[in-house]
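Here is a short briefing for a first look. Start with the view below, then read on by topic.

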Amino acid sequence: MAVAPVDDTLTLAELTRDPYPIYRRMRAETPIVKVPAANRIFLTKAKHTKMVKDDPELYSSDDPVTPMRRAFLAHTLMRKDGEEHRRERMAMQPAFSPKVIKTDWADLYRTIATDYLDRLPRGETVDLFTALCGPVAARILAHILGLDEVSDADMQRWSQVLIDGAGNFGFADEPFERSDAANAEMDAVFDSLVPRHRAQPNNSAFSVMLNAKDPIPMSQVYANIKIAIGGGINEPRDALATIIYGLLTNPDQLEEVKRQEAWADAFEEGVRWVAPIQASSRRVTRDLEIDGIDIPEGVTLMTIQASANRDEDLYEDGEVYNVFRNKAPHQAFGSGPHHCAGAHISRRTVGEIMLPMLFERFPDMRLDRPEEVVWSGFGFRGPLNLPVKLN
Amino acid sequence: MVEVTFVQPDGSRITVQGETGASVMETAVGHGVDGIFAECGGAMMCATCHCYVDEAWAERTGEPVLGEEDMLECAAAEQRATSRLSCQLKLSGDLDGLIVHLPEEQA
């Protein structure tokens, strides 16, 4: 029995800049540690993060003080447990299933990918992060959700505004003013699309939810679409940018990936290496103990999957990108009831479609100055730019 | 202990001993059987532990539980009458000798 050690000096700014050396030290010295700057107890070992995610009775997603509720103007499925969560999630899951991806979306995704690759100039240095990764993620998501009419720019802006609001732990006014405005815009657009989806039922998430035999309330349909916007652009965008960086800075691996067509492995290793969603919160529902450390009821734990994915218990040399490492399950998509609903889609869109098409189109592209790539983020992480010479 | 045999799509077989009360998924993962991913850890949220119960055992394993059918429809491989999520198949003495077939793909 012991209380968790406290890391008084660690700041969110340090974690945002480069959390990985910090997590490595935590795994070795203080795997369960209180971080006052985040007002959370961090769990940095894979066995602990998985245990917590897999047990929603002891570790609830329902956080009564989450800024997410204020940002989304709704209690969303991300913060629900049990049957309530399952019902709302299953209402849109069919739109994300491998079968529907195959029958409805795969050809469309290839067309979109071709279209966005066609726009890239040859022989110049282009920031692939803003010119490709973000827009293509937005376009694909717009179709999956049934928001075909919405522009890439609006999709990306709404997503960022929702994320900023959901991460507004200090409850400052400004981020919520922006999320309120975005909510009003989204609601108006959703209202305008209801007649189309009712008249022409299709496999988009919006249509599937609207036309279900036993539909969930309209307020939750809207909330689900918003969660998917907030949670469905950054991750494929950052995953794609991270993997491109990993391959271009490891040319020997890139050659081998091309030879074996090991794009799926390149994808899995990329999201293991730098998980686009690095950390999640769970509220402890009763006094308990994790590995000899007292954890009081009501405390919020932060499962650091970014750290779990480099845990020395599972990975040799986990700090480096290595497509051909010994396989071990990673937690980039989480675990338990809230396991990422977009896992199948991201594997197919990023792993099976975007990566091979990009490297086929620009077989000699180069990242001449990898040191200019800026990485950032504590909750969400990825490169902020990717200046690649296309030829 | 309960004996379970996993048959890979290429026909190769591995037989392991599972604990009574454990799920077929847990038994597979615990023994490092390829082809069961179980990404959601048994929460019936991912359909990456999909298996086909051998015809001879299908009656004894019974019907999918509430909600399982919906998730099976999201599985990567073809859904058949014998499709189950292996996280929902609990081992008991009745199932000693159980044979399950693994699909071509899970994710």
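How do the residues of the lining of the second largest pocket divide into nonpolar, polar and charged? They divide into 17 nonpolar, 12 polar and 16 charged. Here Ala, Val, Leu, Ile, Met, Phe, Trp, Tyr, Cys and Pro count as nonpolar, Asp, Glu, Lys and Arg as charged, and the others, Gly among them, as polar.

This is a predicted model, in which local features need pLDDT of at least 70, side-chain atom pairs count only at pLDDT 80 or more, and totals for chains, interfaces and linings use all residues. Residues are numbered from 1 along each chain as its sequence is written, chains are lettered from A and ligands numbered from 1 in the order in which they are written, and side-chain values use heavy atoms, with hydrogens and water left out.

**The second largest pocket**

- This pocket holds about 1300 Å³ of space.
- Its lining has 45 residues, and the closest to its centre are A:Ala328, A:Pro329, A:His330, B:Phe37 and B:Glu39.
- A pocket is an open set of points on a 1 Å grid over the protein atoms alone, with protein on both sides within 12 Å along at least five of seven lines; lining residues have an atom within 4 Å of a point.
- Grid points are joined across faces, edges and corners, and a volume is the space filled by probe spheres set on the points.
- Helix α14(A) supplies the largest share of the lining, 6 residues.
- At least two residues each come from α3, α14 (263-273) and α16 of chain A, and from α1 (24-30) of chain B.
- Helices (H or I, at least four residues) and strands (E, at least two) are DSSP runs, numbered from the N terminus.

**Where chain A meets chain B**

- 21 residues of chain A are in contact with 19 residues of chain B; contact means heavy atoms within 4.5 Å.
- The area buried between the two chains is about 1500 Å², and carbon and sulfur atoms give 52% of this.
- Buried area is the accessible area (1.4 Å probe) that two parts lose on being put together, summed over both.
- Between chain A and chain B there are 3 salt bridges.
- B:Glu39 forms a salt bridge with A:Arg347, with the closest N and O atoms 2.5 Å apart.
- On the side of chain A that touches chain B, the elements giving two or more residues are α3 (46-54), α5 (82-92), α6 (98-118) and α16 (343-361) of chain A.
- By class, that side has 5 nonpolar, 8 polar and 8 charged residues.

**Cavities**

- The structure holds 2 cavities of 30 Å³ or more; a cavity is a set of grid points where a 1.4 Å probe fits but cannot get out.
- The largest cavity has a volume of about 60 Å³.
- Of its 13 lining residues, A:His339, A:Cys340, A:His344, B:Met45 and B:Cys46 lie nearest its centre.
- Helix α16(A) gives the most to this lining, with 3 residues.
- The second largest cavity has about 30 Å³ of space.
- Its lining includes B:Cys40, B:Cys46, B:Cys49 and B:Cys87.
- That lining divides into 8 nonpolar, 2 polar and no charged residues.

**Salt bridges over all chains**

- The count comes to 35 salt bridges over all chains, each a side-chain nitrogen of Lys or Arg within 4 Å of a carboxyl oxygen of Asp or Glu.
- One of them joins A:Glu174 and A:Arg178, with the closest N and O atoms 2.9 Å apart.
- A:Glu174 and A:Arg178 are separated by about one helical turn, because they are 4 residues apart in helix α9 (residues 173-199) of chain A.

**A glycine of chain B**

- B:Gly67 is in the loop between α2 (58-61) and α3 (68-72) of chain B.
- B:Gly67 touches A:Arg86 and B:Met44, not counting residues up to four places away in sequence.
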